[in-house]
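The entries follow in the order I made them.

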Amino acid sequence: MKTIDESQVYQLKITLSDTKPPIWRRFLIEPKENLFELHQAIQIIMGWSNSHMHQYRKNKIFYGTPDEEFGDDFGLEILDEKKFKIFQVLDKLKAKIIYEYDMGDSWDHILVLEKILPREDKVKYPKCLNGAMACPPEDCGGISGYYNLLEIIESPKHKEHKEMLDWLGGKFDPIEFDLNGINQSLKRVK
């Protein structure tokens, strides 16, 4: 069984699938964290609200919160994400895993282990390094719903323009990426 080197951190890149321009983040995290702790970091880093189910997929292996009823209905075995460390699943450079958030909207993210770096003593992990674009609003209908929403709010003459802006609570800037805000939120975790 592989063991962890406590002097290392992982640089991961997460990209929301099928987005153009890509919605992505690059961040550092300790590889000893379990997949549930990675999920909590992803929620903050991407800008999701943690109000839906999630799971990880690697090949035909699923990690998440085991649910006997769900597994029995679909013949799936969900391994307990709290029992697996990041380094056990992302076990070599360029290793990938799919993180799916909100099974209804099916937001698939590709997570890639880009680098293994020395841990810095005075840095609090996880830490977001950079990224691009705003996270889509929750419950907007997946990728196609998101692009439809953008088209509507960018067209003041569209019959649903006002309704969609009201639903969003005002304006929505798809370009916005607040690195400082993300890192401030990460500091409040743990």
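Entry 1, the second largest cavity. I listed its lining and found Ile4, Asp5, Glu6, Gln8, Glu30, Pro31, Lys32 and Arg119. On a 1 Å grid over the protein atoms alone, a cavity is a set of points where a 1.4 Å probe fits but cannot get out, and a lining residue has an atom within 4 Å of a point. The volume of this second largest cavity comes to about 40 Å³, taken as the space filled by probe spheres set on the points, with grid points joined across faces, edges and corners. I sorted the lining by class and got 2 nonpolar, 1 polar and 5 charged residues. Here Ala, Val, Leu, Ile, Met, Phe, Trp, Tyr, Cys and Pro count as nonpolar, Asp, Glu, Lys and Arg as charged, and the others, Gly among them, as polar. Searching the whole structure turned up 2 cavities of 30 Å³ or more.

The model is predicted, so local features need pLDDT of at least 70 and side-chain atom pairs count only at pLDDT 80 or more, while totals for chains, interfaces and linings use all residues. Residues are numbered from 1 along each chain as its sequence is written, and side-chain values use heavy atoms, with hydrogens and water left out.

I took a pocket as an open set of grid points with protein on both sides within 12 Å along at least five of seven lines. The largest pocket holds about 260 Å³ of space. I counted 16 residues in its lining, with Met46, Gly47, Ala134, Cys135 and Glu176 nearest the centre. Helix H1 gives the most to this lining, 3 residues; helices (H or I, at least four residues) and strands (E, at least two) are DSSP runs numbered from the N terminus. By class, the lining of the largest pocket divides into 10 nonpolar, 1 polar and 5 charged residues.

The second largest pocket holds about 200 Å³. Its lining has 12 residues, and Met53, His54, Gln55, Thr65 and Met103 lie nearest its centre. Strand S3 (54–58) and strand S4 (61–64) each supply at least two of the lining residues. The classes in the second largest pocket are 7 nonpolar, 4 polar and 1 charged.

Which residues have the most contacts inside the largest nonpolar core? I found Leu12, Leu38, Tyr56 and Leu111, in a core of 44 residues. Helix H1 (residues 35–46) supplies the largest share of this core, 6 residues. A nonpolar core is a set of buried Ala, Val, Leu, Ile, Met, Phe, Trp, Tyr and Cys residues joined through side-chain atoms within 4.5 Å. Buried means under 20% relative accessible area, exposed over 50%, and partly exposed in between (1.4 Å probe, protein chains only). In soluble globular proteins, nonpolar side chains tend to be buried together.

I then checked Leu111. Leaving out residues up to four places away in sequence, Leu111 touches Leu12, Lys13, Ile14, Phe27, Leu38, Ile42, Tyr56, Leu90, Ala95, Lys96, Ile97 and Tyr99; contact means heavy atoms within 4.5 Å.

Is Gln11 buried or exposed? At 7% relative accessibility, Gln11 counts as buried. Gln11 sits in strand S1 (residues 8–16). Its contacts beyond four places in sequence include Arg26, Phe27, Leu28, Val112 and Leu129.

In H6 (residues 179–187) I found Ile182, Asn183 and Leu186 buried. Seen down the axis of H6, these buried residues fall within an arc of 95 degrees, so they line one face of the helix; the arc is that of the directions from the helix axis to the C-beta atoms. Strand S2 (23–29), H1 and strand S8 (127–132) are among what covers them.

Most residues other than glycine have a negative phi, and most peptide bonds are trans. I noted these exceptions.

- The bond from Lys20 to Pro21 is cis, with omega near -5 degrees, and Pro21 lies in the loop between S1 and S2.
- Tyr125 and Pro126 are joined by a cis bond with omega about 0 degrees.
- Asp18 has a positive phi near 65 degrees and is exposed, at 65% relative accessible area.
- Ser106 has a positive phi of about 55 degrees and is partly exposed at 35%.
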